[in-house]
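Morning, everyone. I have one structure to show you today. Please look at it first, and then I'll walk you through some charged side chains and a pair of helices.

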Amino acid sequence: MALKVELKPGEKLLVGNCIITNSDQRTRLFIDGNAPILREKDILTSDTANTPAKRIYLAVQLMYIEEDAEKAQATYSEMSRDFVAAVPSSLPIVDQINNEILTGSLYKALKAAQKLIEYEQDLLNHASNRRPGVQSDGESR
């Protein structure tokens, strides 16, 4: 069964190692095969991977896209261990990512890594809500 992808005008899609850019009209594509496929909105770069969870996602993304994923897997392993050490409550999500990687389901591992990014953001939002604000003259609010 082919994968159906609908692209908005100007939206990009990664198929294998090729970037497909849609024209100025909405387009529907049917893709059959085993090449890695990612929408533009799901692609992180080294510049946009600016948090620990996003860097973990980037490592998994590289494993998914690259044919030789050993370096990305070593990087992922180190970063995920450090993340769990810093945020032990993230262990169930990291375990899910690990299981997907071990079974070769790298796209599912990416989706689980997206959950890790969301979890990290929730933690950061919660921490910033509890922190008292500091006014520009140095006095606490």
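Start with a term. A residue is buried if its relative accessible area is under 20%, exposed if over 50%, and partly exposed in between. And keep in mind that this is a predicted model.

Now, Glu6. Its relative accessible area is 25%, so Glu6 is partly exposed. Find Glu6 in strand β1, residues 3-7.

Which side chains meet Glu6 in salt bridges? Let's take the partners in turn.

Lys4 is one partner. The side chains of Lys4 and Glu6 meet at 4.0 Å, N to O. Lys4 has a relative accessible area of 48%, so Lys4 is partly exposed.

Next, Arg26. Its salt bridge with Glu6 is 3.5 Å, N to O. This pair links distant parts of the chain: Arg26 sits in the loop between β3 (18-21) and β4 (27-31), 20 residues from Glu6. Arg26 has a relative accessible area of 54%, so Arg26 is exposed.

Then Arg28. Arg28 and Glu6 form a salt bridge of 3.2 Å, N to O. Arg28 lies in strand β4 and Glu6 in strand β1, so the pair ties together parts 22 residues apart in sequence.

How many salt bridges does a search of the whole structure find? Five.

Why might such side chains pair at all? Opposite charges can pair when their charged atoms come close.

Now a contrast. Go to Glu100, in helix α3, residues 91-102. Glu100 is buried, yet has no salt bridge. The nearest side chain of opposite charge is Lys108, and it is 5.2 Å away.

What does Glu100 contact, leaving aside its neighbours within four places in sequence? Ser105, Leu106, Lys108 and Ala109.

Stay with α3, and bring in helix α2, residues 70-86. The axes of α2 and α3 come within 10 Å and cross at roughly 160°. That makes α2 roughly antiparallel to α3. Is the crossing left-handed or right-handed? Left-handed.

Last, who meets whom? From α2, we have Gln73, Tyr76, Ser80 and Val84. They meet Leu91, Val94, Ile97, Asn98 and Ile101 in α3.

How values were computed
Residues are numbered from 1 along each chain as its sequence is written. This is a predicted model: local features need pLDDT of at least 70, side-chain atom pairs count only at pLDDT 80 or more; totals for chains, interfaces and linings use all residues. Side-chain values use heavy atoms; hydrogens and water are left out. Helices (H or I, at least four residues) and strands (E, at least two) are DSSP runs, numbered from the N terminus. Buried means under 20% relative accessible area, exposed over 50%, partly exposed in between (1.4 Å probe, protein chains only). Lys and Arg count as positive and Asp and Glu as negative; His and the chain ends are not counted. Contact means heavy atoms within 4.5 Å. Axes are lines fitted to C-alpha atoms, for helices over the stretch in contact, and angles run from 0 to 180 degrees between N-to-C directions. Angles under 35 degrees count as roughly parallel, over 145 as roughly antiparallel, 65 to 115 as roughly perpendicular and the rest as oblique. A crossing is left-handed if the near helix is turned anticlockwise from the far one by less than a right angle, and right-handed if clockwise.
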